[in-house]
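Please read them with the coordinates open.

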Amino acid sequence: MREYAERRGIRIVKTYSDDAKSALIIGGRMALQQMIADVESGVAEFSVILVYDVIRWGRF
């Protein structure tokens with residue numbers, strides 16, 4: 001992700017990670033919940049969200 005961002009001139013300012021958590025439910029995904037809260041509340045210091053694999057967002 002860092003190399004991808006660097007090649008595109010994107011500066012990584014925050015990382016949210018729910019390692020080894022299921023994408024089936026959001027309940028145990030504290031980092032994902034925090035990212036959503038940061039964006040919705042307007043405190044997020046970023047305008048781009050990079051995702052390693054889109055399937056990690058969830059299986060809806």
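1. A salt bridge here is a side-chain nitrogen of Lys or Arg within 4 Å of a carboxyl oxygen of Asp or Glu. By that rule the count comes to 1 salt bridge. The partners are Arg 29 and Asp 18, whose side chains meet at 3.6 Å, N to O. Both Arg 29 and Asp 18 lie in the loop between α1 and α2, so the pair ties together parts that are 11 residues apart in sequence.

2. On provenance: this is a predicted model, in which local features need pLDDT of at least 70 and side-chain atom pairs count only at pLDDT 80 or more, while totals for chains, interfaces and linings use all residues. Residues are numbered from 1 along each chain as its sequence is written, and side-chain values use heavy atoms, with hydrogens and water left out.

3. The protein has 2 helices and 0 strands. Helices (H or I, at least four residues) and strands (E, at least two) are DSSP runs, numbered from the N terminus. Helix α1 covers 2-7 and α2 covers 30-41.

4. Burial is given as relative accessible area: buried is under 20%, exposed is over 50%, and partly exposed is in between (1.4 Å probe, protein chains only). Buried residues make up 15% of the 60 residues. The protein exposes about 5,000 Å², of which carbon and sulfur atoms supply 54%. Accessible areas come from the Shrake-Rupley method with a 1.4 Å probe, and for residues only the protein chains shown count as cover.

5. What else does the side chain of Asp 18 reach? It reaches the backbone nitrogen of Ala 31 at 2.9 Å, and the side chain of Asp 18 also reaches the backbone nitrogen of Met 30 at 3.4 Å. A polar contact is a pair of N or O atoms within 3.5 Å; within protein, one must be able to donate a hydrogen and the other to accept it, and residues adjacent in sequence count only if both atoms are side-chain atoms. Leaving aside residues up to four places away in sequence, Asp 18 touches Arg 29, Met 30, Ala 31 and Leu 32, where contact means heavy atoms within 4.5 Å.

6. Rings of Phe, Tyr and Trp (its six-membered ring) pair if their centres lie within 6.5 Å; planes under 30 degrees apart count as stacked, over 60 as edge-to-face and the rest as tilted. The count comes to 1 aromatic pair. Tyr 16 and Phe 46 form this edge-to-face pair, at 6.1 Å centre to centre with 75° between the planes. The pair links distant parts of the chain, with Tyr 16 in the loop between α1 and α2 and Phe 46 in the segment after α2, 30 residues apart. Tyr 16 is partly exposed at 22%, and Phe 46 is partly exposed at 23%.

7. Glu 45 is also found in the segment after α2. Its C-alpha is 7.2 Å from that of Val 13, although Glu 45 and Val 13 are 32 residues apart in sequence. Glu 45 counts as exposed, at 69% relative accessibility. Of the contacts in the protein with a separation of 6 or more, residues 24 or more positions apart account for 40%.
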